[in-house]
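Open the model in your viewer and keep the selection panel at hand. The stops below go from one selection to the next.

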Amino acid sequence: GAEPLLNVNTSAELARAGFEAFNRGDLETVLGLLDPEVEIHSVGEMGEEGTYHGHEGYLEWTSIWLDAWDEFTVELTEIEEVDESNVLIHSRQRGRGKGSGLEVEQYGVYLFTIRNGLATRLHLYADRESALAAARS
């Protein structure tokens, strides 16, 4: 298979590297951390509801999301390792609406499932309980 782009030893490190790259606008690095068959899923409460697949799906999901914002950043507030392949990222997301200029802040929990150094699942939930249930399914 493909060699992981960054040498990250733990799921937590991979997730952290991914968010740092996202906040820099470095989608190439983000894609390097995602499995080619990655499953992207977001719940309705978080905005862009739906399920997307692969690198194309990630780029589609991200572009729909970023099109709504002039500025958007994700701050990691806590990294919680569920088991060796699942990690929950508690985050505070901040954005400024395109057009409206409205400042928005929301809490979200990302679920990353990591296999062979790449993320195979990247899900976004509004609360820890939902993310945890998905990690265990």
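Which residues is Asn-86 in contact with, leaving aside its neighbours within four places in sequence? Select Asn-86 and keep that selection while the ground rules are set out.

This is a predicted model, in which local features need pLDDT of at least 70 and side-chain atom pairs count only at pLDDT 80 or more, while totals for chains, interfaces and linings use all residues. Residues are numbered from 1 along each chain as its sequence is written, and side-chain values use heavy atoms, with hydrogens and water left out.

**Stop 1: Asn-86**

Asn-86 sits in strand β4. Now show the surroundings of Asn-86: its contacts are Glu-80, Glu-81, Leu-111, Phe-112, Thr-113, Arg-121 and Ala-135, with neighbours within four places in sequence left aside. Contact means heavy atoms within 4.5 Å. Asn-86 has 5% relative accessibility and therefore counts as buried. The classes are buried for under 20% relative accessible area, exposed for over 50%, and partly exposed in between, using a 1.4 Å probe and protein chains only.

**Stop 2: the whole chain**

Zoom out and colour by secondary structure. The protein chain has 4 helices and 6 strands, and from the N terminus on they run α-α-β-β-α-β-β-β-β-α. The radius of gyration is 14 Å, close to the 14 Å that the globule rule gives for 137 residues, so the protein chain is as compact as a globular protein of that length. That radius is taken over C-alpha atoms, and the globule rule is 2.2 Å times the number of residues to the power 0.38. Along the principal axes, the C-alpha atoms fill a box of roughly 45 × 30 × 25 Å.

Of the 137 residues, 45% are buried. Among contacts with a separation of 6 or more, 48% come from residues 24 or more positions apart.

Next, colour by charge. There are 10 positive and 26 negative side chains in the protein chain, and the centres of the two sets lie 5 Å apart. Lys and Arg count as positive, Asp and Glu as negative, and His and the chain ends are not counted. Each charge is placed at NZ of Lys, CZ of Arg, CG of Asp or CD of Glu.

**Stop 3: helix α1**

Select residues 11-24, which form helix α1. At 1.5 Å a residue, its 14 residues should span 20 Å, and the end C-alpha atoms are 20 Å apart, which agrees. The expected span is 1.5 Å times one less than the number of residues in the helix. The buried residues of α1 include Leu-14, Phe-19 and Phe-22. After α1 comes Gly-25, with a positive phi near 80°.

**Stop 4: Leu-59**

Move to helix α3 and pick Leu-59. This residue has 34% relative accessibility and so counts as partly exposed. Leaving aside neighbours within four places in sequence, Leu-59 is in contact with Leu-27 and Leu-31.

**Stop 5: Ser-42**

Is Ser-42 buried or exposed? Select Ser-42 in strand β1 (residues 34-42). At 1% relative accessibility, Ser-42 counts as buried. Its contacts, apart from neighbours within four places in sequence, are Glu-48, Glu-49, Gly-50, Trp-61 and Leu-124.

**Stop 6**

Start with Lys-98, in the loop between β4 and β5. Lys-98 is partly exposed, with a relative accessible area of 45%. Not counting residues up to four places away in sequence, Lys-98 touches Leu-66, Asp-67, Ala-68, Trp-69 and Asp-70.

Then select Asn-116, in the loop between β5 and β6. Asn-116 is not a glycine, yet its phi is positive, about 50°. With 76% relative accessibility, Asn-116 counts as exposed.

Finish at Ala-126, in the loop between β6 and α4 (128-136). Ala-126 counts as partly exposed at 22% relative accessibility. Not counting residues up to four places away in sequence, Ala-126 touches Val-43, Glu-45, Met-46 and Tyr-107. Draw a distance from Ala-126 back to Asn-116: these residues are 10 residues apart along the chain, and their C-alpha atoms are separated by 27 Å.

Notes
Helices (H or I, at least four residues) and strands (E, at least two) are DSSP runs, numbered from the N terminus.
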